[in-house]
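Q: Hi! Could you walk me through this structure, one bit at a time? I'm new to this.

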Amino acid sequence: MNRGRIALALGVLASAGCAAKGPDSATRMARLKASYDHLHDRLEKAAATEPLVSSAFATRGQVVVAIRSGLIEELAGNVARRYLDHVKVDLSGFETEKDGEIEQKTFLGKLSLGEWRVAVDLGGLVGDLRAGSPRVGLRAPDLIDIELPVDVRQTEGAATLRFSWDSSGLAKLVCKDFELTRDIHGRVLPQRHVLAGALRLANDGENLTATPEFPDRHVQLKLDLTDASWATVEEALRSQNTSGKCGMLMKPDKGVALLKDLAARGISVSLPKKMFRTVTLPARMHESVKVNKRRVRVALTAQKLRIDGATLWSSVALHVQPTAGPAIVAREPDREARKR
Amino acid sequence: MRIFRTVAAVLLVGLALVLGLRRLRLSPSSSRLRVSAQEALLARQNQELVKLASAAERGTLLDFKGVLIVVDQVLVQDLLRAVMPLDGDVGGGFRVQIDAVDAAFGDGVALVRLSGRANVGTASVGSPITVFAAVDVVSLDPVSGILQCGVSIISVEAQDAAALGRNDPVGRLTEALTHGGLSMLVGSLEIPVSVENKLSIPAVESKRLRIESEDLPLTIAVQQVKVFGGRLWVFVDVALAPRPTPRAEVKS
C-alpha cells in the first residue's frame, strides 16, 4: 500500500516533468510551420478565386470602404422618398388661363367678333404630395438610378374665376365688353406621377456624397371644380348671354367645356431643385485621429470610386503627418488596469 | 509508524502535485515552458488560418451585407510610428522604451512588432526587447463612429534576459505588459475612418422653401474582423432604424 502511494507520488512528479518538456521546441516549430504552409497555401488558392477579394486588392489606397448594393439602395431609396414625401405645394398665385377669338363667316370673309379670356386663380389650393416606394438600382461607374412614384392626394380649396370678353370690329357696335369674376371651389385630383433621376456618387477624400440629378422636376397637377362651382360658372356665362353683351356668341356650354379641358390638362408645377439635397453617406474619413491620447494628423487624397457588380468601392490614400510634441511618458499601470 | 508512512506518502504526493502543476502552468513565470515568440505567433496564425481557409473555400471570405472597411498595415504602422518613441513604467518594476514599430497583417494575425529597450527600474543596464502584439480589439466609437483598435500581447523577446534580473524576467515583463503595461504604452489606436449612426439630410431655408433637416437613424456594429493579405478587414453591419417622416412645404 505504502509502496503504491510512494510510486504514485513519484509518477506524478515524473509526469509533471514530462508534460512540461513535451516535444522539443524545434519539433514543435517544424510541425507548426508545416501546418502554417499548408493552411496559407489553401487560403491563397481559395481567395484568388473570390471576385470580391480581387476587387478589394485592385482598389488602391490605405483605407478602402466597400458598401453593398442592398444597403446603398435602401439608403438612397429612403433619401429620395424624403425629398418628396409629405410635401405640400402651395398653389396660391398660380393662375391657369386660356384665350381665343370668335370669328364669323360673312360674305366679306371671316370677321373677328372679339376675343375672350378665361383665367382661374388657384389662390387657396394646395398640392399634397406623398412619395411611394422608389425603384433603385446601381449603375456603373457612379450612379444610383431612382424612379420615384409621387402620389398627389385630392385636396380642395378656394379659387377665383375671371372671364372677359373684348368685342372687336363691327361687333363693337352692338356688343359691350364685359368681365365677370366668381368665387369658386376647386380641387386637385388624385393622381400619380413618376420622377426619374439619379444620385451621383462622389468621393472627395473625406466624404462619400450622393448628389441628386433630376433633370425633369415638373409635376402636371390635374384640377377640377366642385359640381357647385361648375354650376356657378355655367350660370355666370349664361348671365352674359343676352343681347347687347354678346355672351350669346360664346355659348355657355362651350365655355364650360373649354374650362373643363383647361382643368383636365392641369397646371405644370416645377419642383424646386433645392428640394433635392446632396447627402453624405455615413462612412467618412478623418483628417485627425488619436493614437494613445496624442492627436495625429492625416492628409487625405481621394482615390477611386466605382460600382463593381453589387458593391460600391471607394478608397482614400492617407499620409500620416509627423507629430510634434513630447513623447508620452506612461506611468506604471494602476491597480484597476492591472485587474483588467 | 504506519501513520508516519502514510503522512509521508501524502506529503510526497502533495509536493509532486504542487511541483507538477507549477511546471504545467503555461504562465510567463515558467521560463522553461514559455514558448518562443515565433512559436506563439505561428500557433495563433494557424488557429486563424483554419477559419480563413475554410471560409475562402466556401466562397464566404468577404461575405458582408453592409459596409466593409479595409485598412492597410502600412497605415497602422505609420500611425504608431507617428507617436514614437513611447516610454514608461509598465509595471513589475520594468521601464520600457519603444522606438520602432513594424506591422504585418497576414494570415489571421494583425501583428505589430514593437522594438525597444527594457530596464529594471532606473538601472542603466537593460536589454533590447521585441514585443510581439496583435491588433485584436476592433470597435466603433459609440459617439463618433470612429474605428478604434486595441493591441494585445502575443509574446516578448529579450536579447539579454539576464540583464533584466532573475526568476524569469521575460515572463514577468510579459505579464506586466499584458496586465496594463502595453495599454499604457500604446493605448487605443484610432483609424481615420468612421461609420456614423445616422444619415443626415440637410435643411433647406429659402424664400419659398423651408424644409427642416432630418436624420435617419442607423444601427451600426462591428460584426467581425479578418486579417489577411496585409490588411485588416472590418465587417460592419449597418441597418436603418424605422422613424416617422416630417413635413415640408413648397410655395410655388
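Q: Where does A:N292 sit?
A: A:N292 is in the loop between β17 (288-291) and β18 (294-308) of chain A. Helices (H or I, at least four residues) and strands (E, at least two) are DSSP runs, numbered from the N terminus. Keep in mind that this is a predicted model, where local features need pLDDT of at least 70, side-chain atom pairs count only at pLDDT 80 or more, and totals for chains, interfaces and linings use all residues. Residues are numbered from 1 along each chain as its sequence is written, while chains are lettered from A and ligands numbered from 1 in the order in which they are written.

Q: Thanks! What is the phi of A:N292 near?
A: Phi of A:N292 is near 50°, a positive value in a residue other than glycine. Most residues other than glycine have a negative phi.

Q: And A:K293, what about its phi?
A: A:K293 also isn't a glycine, and its phi is positive, about 70°. A:K293 lies in the loop between β17 and β18 of chain A.

Q: Is A:N292 buried or exposed? And is A:K293 buried or exposed?
A: A:N292 is buried because 21 other C-beta atoms lie within 10 Å. A:K293 counts as exposed, because it has 10 C-beta neighbours inside 10 Å. A residue is buried if 20 or more other C-beta atoms lie within 10 Å of its own, exposed if 12 or fewer, and partly exposed in between, with C-beta atoms placed from the backbone.

Q: Okay, switching to peptide bonds. Which kind joins A:A140 to A:P141, cis or trans?
A: The bond from A:A140 to A:P141 is cis, with omega near 5°. A:P141 is in the loop between β6 (135-139) and β7 of chain A. In chain B, the bond from B:M84 to B:P85 is cis too, with omega near -5°. B:P85 lies in the loop between α3 (73-82) and β2 (86-91) of chain B.

Q: What does A:P149 touch?
A: Not counting residues up to four places away in sequence, A:P149 touches A:G132, A:R192 and A:V194. Two residues are in contact if their C-beta atoms, placed from the backbone, lie within 7 Å. The C-alpha atoms of A:P149 and A:A196 are separated by 8.6 Å, although these residues are 47 residues apart along the chain.

Q: Helices next! Which residues of α3(B) are buried?
A: In α3(B), the buried residues are B:Q73, B:L75, B:V76, B:L79 and B:L80. They cover an arc of only 165° around the axis, so they are on the same side of α3(B). That arc is the one of the directions from the helix axis to the C-beta atoms.

Q: And α7(A), what comes just after it?
A: Just after α7(A) comes A:G266, with a positive phi of about 75°.

Q: Now the whole chains. How many helices and strands are there in chain A?
A: Chain A has eight helices and 20 strands, and chain B has four helices and 13 strands. Of the 340 residues in chain A, 32% are buried, and of the 252 residues of chain B, 43% count as buried.

Q: Which residues have the most contacts inside the largest nonpolar core?
A: Those are A:V63, A:A76, A:I144, B:I69, B:V112 and B:A133, in a core of 147 residues. A nonpolar core is a set of buried Ala, Val, Leu, Ile, Met, Phe, Trp, Tyr and Cys residues joined through C-beta atoms within 7 Å.

Q: Let's pick B:A133. What is it in contact with?
A: Leaving aside neighbours within four places in sequence, B:A133 is in contact with B:V112, B:L114, B:V151, B:S152, B:I153, B:I154 and B:L182.

Q: Last one: how is chain B divided?
A: Chain B is divided into domain 1 (2-63 + 72-194) and domain 2 (198-250), with bounds from an automatic or database domain assignment. Their contact takes 16 residues from domain 1 of chain B and 11 residues from domain 2 of chain B.
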